[in-house]
Amino acid sequence: MQILAIVVSLAIAAVGVALFGKTIGHIVSVIKLGQPVSRTDRPGQRTAVLVKETLGHTRMLQWSHIGVLHWFVAFGFIGLFLTLVTAFGQLFDAHFALPIIGHWFVFEWASEALTCTGLVSIAALILIRLRHLPRGSEGRYSRFFGSTAWQAYYVEYTILGVLACILLLRGLEYELSGVSKFHFPTTYFIGDAFFGGLSEHGLENGIYLVSMVKIIISFAWMITISLNATMGVAWHRFTAWPNIWFKRKADGGTALGGLQPIMVNGAPIDFENIEELDEDAALGVGKVEDFTWKGLLDFTTCTECGRCQSQCPAWNTDKPLSPKLVMMNLREHAYAKAPYLLASSDDDRKSLPELVLAEQDKPLVGPADVAVIDEEALWACTSCGACVQQCPVDIEHVDAIMDMRRYQVLIESSFPSELNGLFKGLENKGNPWNMNPSGRMDWAKDLPFEVKQVGTDVETLAEVEYLFWVGCAGAFEDRAKKTTQAVAELLNIAGVSFAVLGDGETCTGDPARRAGNEFVFQQLAMQNAEVFKETGAKKVVSTCAHCFNTLKNEYSQLGVELDVIHHTQLLNRLVREGKLTPVAPTDSSLNGQKITYHDPCYLGRHNQVYDAPRELLDIIPGAEYAEMPRNKTKSFCCGAGGARMWMEEKIGTRINLNRTTEAVDTGADKIATGCPFCRVMLSDGLTAKQADGSARESVEVQDVAQLLLASVKRGES
Ligand code: SF4
Ligand code: SF4
């Protein structure tokens, strides 16, 4: 028995280690095919983030019970590695124990604790997977829909098998050693129950046999994953760490907020000297090797857990976009095409199998039946960031999607035709609605006080505290204009000095950038940057979550550093300082009314502003606050982001209707929000629901500022 166990174990281990090493080399060479990007700033902080995310399982714990179960499995994998070493020793001597620590009770107790908790946890995770398997007509809404089921089961049952072997080995060791139960706190039962009657020789053979089985299970797993470099559910054990360390934000933040500029050779394109750019330079991503190496590491790391898919507003309204499937398709394509890209000569390339050559010819984006990424999926993204927020291994989906859009727009001129109107309005009139810029001050006409305009009423912004950035919606969209007026009125009541740019303001460029049109974004942003420099803009308040995000997180790329605040943050501060006092209305429509709040994605997930609007609503006397089930980090998009506001929603059900239904179902009389785009989408959703009788006529969508103003003015507004 012993000889057989030694031969089989050493043979499978040798094959496993050799294949594993080879596959690691292959994975590294595929990742190195990506474009350069620097991700090594602040190494100390990155390391601290990695330690925190790993030990604290901070990202996994967004789904608390699964996070806890995964913690025990992950630390079992790390902590029980020494039991594998022990198993090799036991092949040669059934009494083997690790030198120094082998019989130390702390090591023994820790090993048994990790084994037992790991066993319970993996069993629970298997049950959870079985319970949530895609089934029937609702199967699509399972987070495991589209994941490679056999790989997940294989990994889970491997862990189960290894842990069972550890328990059996401990039981055998207890019987063979004859030492006190103190050293075998949870496994002496197993020894007594199963091996109590065996002779010493029988026990020794039992140890050889179970050690061999444990080694076979472990190295069969190693061989299997080595033969499947795209088996993210297994490889993430190794790739998740570098993926977290190299994440976009060294401080541990998610890859949300500002978008990265288009990079060529690791440096942002200088749009002012665009003619100097190499004509072969890729603007965006048109081939899988145009992604950065971090992008390729992202694809490699995807565990197929489906958390991103479960939160995606596009997927949940029956569009073809699933962020998980985007990652999986890009991974499969990258690894299938890699032999072509890695071949050292044309002759080598010609001799590659047909499958590889076919993969090389596949367009990255196009119709679903021919391309790696379905174009309908690419354009369905609202850039809401739910996927990035939920991903436990810090994958940066939005960056990948936006880079593919950039190539489609800038190089292929291939985009939904509705975007033509958006681009035309932005290029010619500086706003998405193609309105005459001279109308930018119309919102202020009926206000009972004068709104100062830079260039007319004040020379520069040094004369006032804030630049009030009105935004295109705030200036031209009728419903959003009410928010602009309410904020101006509240600032006036609070005695905060501010001025606006009037027709000196042009779109921040957010919709152009999210639609992939970086040229138009740069054109608009450079124009605004010039105005900011001329007028000395420093402190800016914005009512639009998109403007807020772009000014705050993207204009620094053009050398403009602004201190940007969202109006709900400023108003909340003014209330706390006593400069605005909400009062219990006597005759107001707010009295006894229920208010719910929709988190704008670009305020919440992209910028972590969750509390200020809620605190404002909470403080309004006489009103009752009701939270929607999907809120804060798990909030559901309204459907307007990512320039989707200007695209038709032809596939599936409407995102805004989905969200409005949730808001109405809280029983709210007022649906509050803090972004003009959300307001338009929710208002449209509400109108549709009121038309079909599924919402009360009295329900209204309003900005938080309007509700506050009503309270401050004792319901007179
Ligand atoms: S950003 Fe939002 S819409 Fe786009 S893939 Fe991620 S979850 Fe889906
Ligand atoms: S991208 Fe992240 S959240 Fe989505 S399936 Fe992969 S690992 Fe899970």
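Start by selecting ligand 2. Of the 13 residues around ligand 2, the nearest are Cys 302, Cys 305, Cys 308, Cys 391 and His 397; a residue is near a molecule or strand if one of its heavy atoms lies within 4 Å of it. Color that shell by class and you get seven nonpolar, three polar and three charged residues. Here Ala, Val, Leu, Ile, Met, Phe, Trp, Tyr, Cys and Pro count as nonpolar, Asp, Glu, Lys and Arg as charged, and the others, Gly among them, as polar.

A word on what you are looking at: this is a predicted model, where local features need pLDDT of at least 70 and side-chain atom pairs count only at pLDDT 80 or more, while totals for chains, interfaces and linings use all residues. Residues are numbered from 1 along each chain as its sequence is written, chains are lettered from A and ligands numbered from 1 in the order in which they are written, and side-chain values use heavy atoms, with hydrogens and water left out.

Now hop to ligand 1. Which residues are closest to ligand 1? Among the 13 that surround ligand 1, they are Cys 312, Cys 381, Cys 384, Gly 385 and Cys 387. The elements giving two or more residues to this shell are α17 (386-390) and α18 (397-410); helices (H or I, at least four residues) and strands (E, at least two) are DSSP runs, numbered from the N terminus. By class, the shell around ligand 1 has ten nonpolar, three polar and no charged residues.

Next, select 594-597, which is strand β10. Strand β10 belongs to an open sheet of four strands in the order β11-β10-β12-β13, with parallel pairing (two strands pair if DSSP finds at least two bridges between them). At the edges sit β11 (624-626) and β13 (700-703), each pairing on one side only. Zoom in on Ile 595, whose bridge partner in β11 is Tyr 625.

Last stop: show helix α25 (residues 567-576) with helix α29 (residues 704-712). Their axes are 10 Å apart and at an angle of about 25 degrees; axes are lines fitted to C-alpha atoms, for helices over the stretch in contact, and angles run from 0 to 180 degrees between N-to-C directions. So α25 and α29 are roughly parallel to each other, the term for angles under 35 degrees. Their contact (heavy atoms within 4.5 Å) involves His 567, Thr 568, Leu 571 and Val 575 of α25, plus Val 704, Ala 705 and Leu 708 of α29.

Technical notes:
Angles under 35 degrees count as roughly parallel, over 145 as roughly antiparallel, 65 to 115 as roughly perpendicular and the rest as oblique.
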